[in-house]
Each structure stands twice: as C-alpha cells, then as structure tokens.
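Dear colleague,

Please find below the structure that I am handing over to you. My notes on it follow.

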Amino acid sequence: MTEADTAPTQSVELQRVTLGSASEPRDDVVAREEPLEIRVEGRSVAVVMRTPGHDEELAAGFLVSEGVVTRPRDLLEISQCPSTDNHHGNVVDVLLGGTQVDWQSLTRHVFSASSCGLCGKTSIDSVFQRFPPATADFQVEADLVAALPDRLRAAQAAFELTGGLHASALFDLDGNLLVLREDVGRHNALDKVLGHALLHGLLPLDRHLLLVSGRVSFEIVQKALAGGIGFLAAISAPSSLAVEFARAANQTLIGFLRGGTMNVYAGAQRLREAAGANASRFA
C-alpha cells in the first residue's frame, strides 16, 4: 500500500456559504473512511468502516474484543492483502497460532458501521462467560485523571486537521501517554489500542488507564474489559447499559471528564482525592 492509502485524512473541495455574502470555493481536510475486511485464516469474519492506518492493530484488537486471542503467540501473522481494482488493499488476513475458533459466534456479524461497532451482544452474562471481572486494585489521584484530556488532545494530530475523528488513549498510572489511536469509529480506535497492546505483550492492561474521546456505550466498556482494563474515563457521556456493565464488571467508569470536573458512575474506590476534599463529590 502507498502512503496515500494509509493517510488518515484527505483533501476535498467545497463551496463555503456565508449568509449575506457570496459563496466561494475552498479546500478542506476531512477524515478518511473506508471499509476493511477482516479475514481469519482466509475466512471473512467482519467488514468494518474505519480510518486507514494501523490496520494490523485493528484486526488484532478486534480478535481480542471477541475473545479469540489473548497473547502475542496466539497470532502467527497478520498480512495486508495486495491492492486490487476492487479492494485497494483494504483486506487483512490473520493466521492464528493454533487457537480454536468458534466460527459461528465470530461470523455472526458481517458488517460493522463506524458509528456503532459490532452491535447485538445478547446479554451482560454472555460477556462474563468469556471475560472475568476486572481485578485492578490501584488508586489514582483525581487531579492526575483531570489532566488526561489535555494530554490526549495535544496528541490528536488528525483531529486537529479534521475535527472528525474519535480517539482512544492508554496511559500508565503516572499519567504518561503510552499509545493513542484515532479513527472515525469509536470502537475502531479502541480496537487499535487493544491490538497495539496485544502485539507488544502488554495484556492484560490491569495497571493502565483508558481515556476515550466520545460517548461510552456498552461495547466500549466490554472491549475495555476484554483487555483487562479496570479504569475507563470518557470526555463524553456513558449509556445506561455501560454504567450497569461497569458496575457488574468491577470497573471504574468516569464520564464528562472536562475542565477539572468528572462524574464517577462506577468504581469510585480507585479514585483518590486531595487531602481534605469532600469525598462524596466523586461518589
């Protein structure tokens, strides 16, 4: 694939309309969105709408989220299929290292929109059959957590150009940014982070903090649990099922992390305030 094939942004022409003035042509930069077919041992298991780049990580993270792989040795190879007139290289094939696959479960979804991910988990109980509750036993300072959005935003190069990309970022317990991935899909950005962690031998992520830029749905929390993440924060809002899931999974879930304030919906015991602060503020 060429550098243009993996660029996260694309230039477009537009007509700028301002009320009371004549319209004028302009150039703009938008986030790229293209399909990616994920194959496992030659068998198609999903098509996701994603921003090109880090496709190998996306495929690996998808398999982490689906409970297929947990260790680097579970993967023998992830290959990008050559460009053709039809695919433009938007196909990756994963060769497993002897892992047994429930093909019926893995292929139950054929298509994934960038906006909603692979929807349709039957129940919270079905997820816990594959992923145990989080075991993270640390505490972090509230002011450290409050500083994470600025660190995420400073590293969002593509968002700075387009304003149209979600981000997922992984931090250590000292607030150091370890990896950030951007994508038009919230779920894809997180899968890329999980894939990076798998390929670099970091799983389980039970001593890490996850920050996402968009809203938190059930599947975002479930994907975090698949990676062993017990501390999840978001700049936007959670859904009701995300809150219910996080509480059942022993995860810390923070929403509306903005400007020094935050709502802690689950797992407040992992958040430590400054001495003398009113602890109920984060309850």
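What share of the contacts in the protein chain with a separation of 6 or more comes from residues 24 or more positions apart? The share is 55%, where contact means heavy atoms within 4.5 Å.

Please note that this is a predicted model, in which local features need pLDDT of at least 70 and side-chain atom pairs count only at pLDDT 80 or more, while totals for chains, interfaces and linings use all residues. Residues are numbered from 1 along each chain as its sequence is written, and side-chain values use heavy atoms, with hydrogens and water left out.

Overall composition

The protein chain holds nine helices and 15 strands; these are DSSP runs numbered from the N terminus, helices being H or I with at least four residues and strands E with at least two. Of its 283 residues, 49% count as buried, that is, under 20% relative accessible area, with exposed meaning over 50% and partly exposed in between (1.4 Å probe, protein chains only). The chain exposes about 13200 Å², of which carbon and sulfur atoms supply 50%; the areas come from the Shrake-Rupley method with a 1.4 Å probe, and for residues only the protein chains shown count as cover.

Helix packing

Helix α8 (residues 218-226) packs with helix α9 (residues 240-248) at an angle of about 25 degrees, the axes being 7 Å apart. Axes here are lines fitted to C-alpha atoms, for helices over the stretch in contact, and angles run from 0 to 180 degrees between N-to-C directions.

On the α7 side the contact involves Arg186, His187, Leu190, Asp191 and Leu194, which meet Glu219, Ile220, Lys223 and Ala224 in α8. This contact has four nonpolar, one polar and four charged residues.

Asp191 of α7 is also one of the residues in contact with glutamate 57, along with Arg181, Lys192, Gly195, His196 and Leu199, leaving aside neighbours within four places in sequence. Glutamate 57 lies in helix α2 (residues 55-65) and counts as buried, at 10% relative accessibility.

Backbone features

Helix α5 (residues 142-154) bends by about 25 degrees at leucine 148, and proline 149 follows within four residues. The bend is the angle between axes fitted to the seven residues ending at a residue and the seven starting there. Both Leu148 and Pro149 are buried, as are Ala142, Leu144, Val145 and Leu152.

Most residues other than glycine have a negative phi, and most peptide bonds are trans. The peptide bond from leucine 203 to proline 204 is cis, with omega near 0 degrees; proline 204 is found in the loop between α7 and β11 (208-212). Glutamate 41, in the loop between β3 (34-40) and β4 (43-50), has a positive phi near 50 degrees. Histidine 54, in the loop between β4 and α2, has a positive phi of about 60 degrees. Glutamate 41 is partly exposed, with a relative accessible area of 42%, and histidine 54 is partly exposed at 41%.

With kind regards

How values were computed:
Nonpolar A, V, L, I, M, F, W, Y, C, P; charged D, E, K, R; others polar.
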